[in-house]
Amino acid sequence: MRIIIADDHAILRKGLRHLLQEEFPAAEIAESADSDDLLNRVLQERWDVVISDISMPGRGALEVLQQIRQQFPKLPVLILSVQPEDQYAIRVLKAGASGYLSKESVQGEVVKAIHKILLGKKYITPSLAEKLADSLDQGMDKLPHEFLSDREFEVFKLLAAGKSVSEIGEKLSLSSTTISTYRSRVLTKMNLKTNADLTLYAVGNNLLEKH
């Protein structure tokens, strides 16, 4: 079995490698420190499981996940994050992830998660299962950011974090004009006027990236 671990924190990669080697001693385990390298390696080599942080240098995790899904629809991808489960997990699973784990629960859950996704199933925690059931009620109770597309959501997070249009364009490999268009869509959909409004909204809804 071949497993690739992608995270920009070397300590977390080493910890995960240790856990996985205890459970799968014959597995070949590789590491990647950014999303661009991860995508290149997934496209060029054969893997049985991909484990990836949601927030790394390079292009957005949702974009990488979608590209992996297009090329290898059955390749299990487990997403790890320090971000709130209730804000990110549902979006990630809808984008095609096989599972979503909080980094706080990795030690006790990652082995169980891998065994399950190798069977072609989704791995979700009981609390997330409840949130997924709630999300089936499409209605007026949805928050404004939940109406954003994945790309709009990615741009929203970066704008809220104080990144400029040009910085976001460079990170996502898109032109500044395209990012400006996304910014306008985000502001319109969320009924906000400025980047400062986006930041205040993100802080109030616990959406800013944690490191």
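Me: How many aromatic pairs does a search of the whole structure find?

Reply: This is a predicted model, and the search turns up 2 aromatic pairs. One of them is Phe153 with Phe156, at 6.1 Å centre to centre and 35° between the planes.

Me: What makes the pair of Phe153 and Phe156 tilted?

Reply: Planes under 30 degrees apart would count as stacked and over 60 as edge-to-face, with the rest tilted. Phe153 and Phe156 have 35° between the planes, so tilted it is.

Me: Where do Phe153 and Phe156 sit in helix H7?

Reply: They are 3 residues apart in H7 (residues 150-160), so about one helical turn separates them.

Me: Why is Phe156 called buried?

Reply: Buried means under 20% relative accessible area. Phe156 has 0%, so it is buried. Phe153, at 1% relative accessibility, counts as buried too.

Me: How do you know that the pair of Phe156 and Tyr201 ties together parts that are apart in sequence?

Reply: Phe156 belongs to helix H7 and Tyr201 to helix H10, so the pair links parts 45 residues apart in sequence. Tyr201 is buried as well, since its relative accessible area is 14% and the limit is under 20%. Phe153, Phe156 and Tyr201 make one aromatic cluster.

Me: Which charged end sits over the ring of Phe153?

Reply: That of Arg91, at 4.1 Å from the ring centre. Elsewhere, Arg2 lies over the face of Trp47, 4.0 Å from the ring centre.

Me: How do you know that the buried residues of H5 line one face of the helix?

Reply: The buried residues of H5 (residues 106-117) are Val106, Val110, Val111, Ala113, Ile114 and Ile117. Looking down the axis of H5, they fall within an arc of 160°, so they line one face. They pack against helix H1 (10-23) and strands S3 (49-53), S4 (77-81) and S5 (99-102).

Me: Why is Ser173 called exposed?

Reply: Exposed means over 50%, and Ser173 has 60% relative accessibility, so it qualifies. Ser173 lies in the loop between helix H8 (165-172) and helix H9 (176-190), and its phi is near 60°, a positive value in a residue other than glycine.

How values were computed. Residues numbered from 1 in each chain as written. Predicted model: local features only at pLDDT ≥ 70, side-chain atom pairs only at ≥ 80, totals over all residues. Heavy atoms only, no water. Helix = DSSP H or I, 4+ residues; strand = E, 2+ residues; numbered from the N terminus. Buried < 20%, exposed > 50% of the residue type's maximum accessible area, 1.4 Å probe, protein only. Arc of directions from axis to C-beta. Contact = heavy atoms within 4.5 Å. Phe/Tyr/Trp six-rings, centres within 6.5 Å; stacked < 30°, edge-to-face > 60°. Lys NZ or Arg CZ within 6 Å of the ring centre and 35° of its normal.
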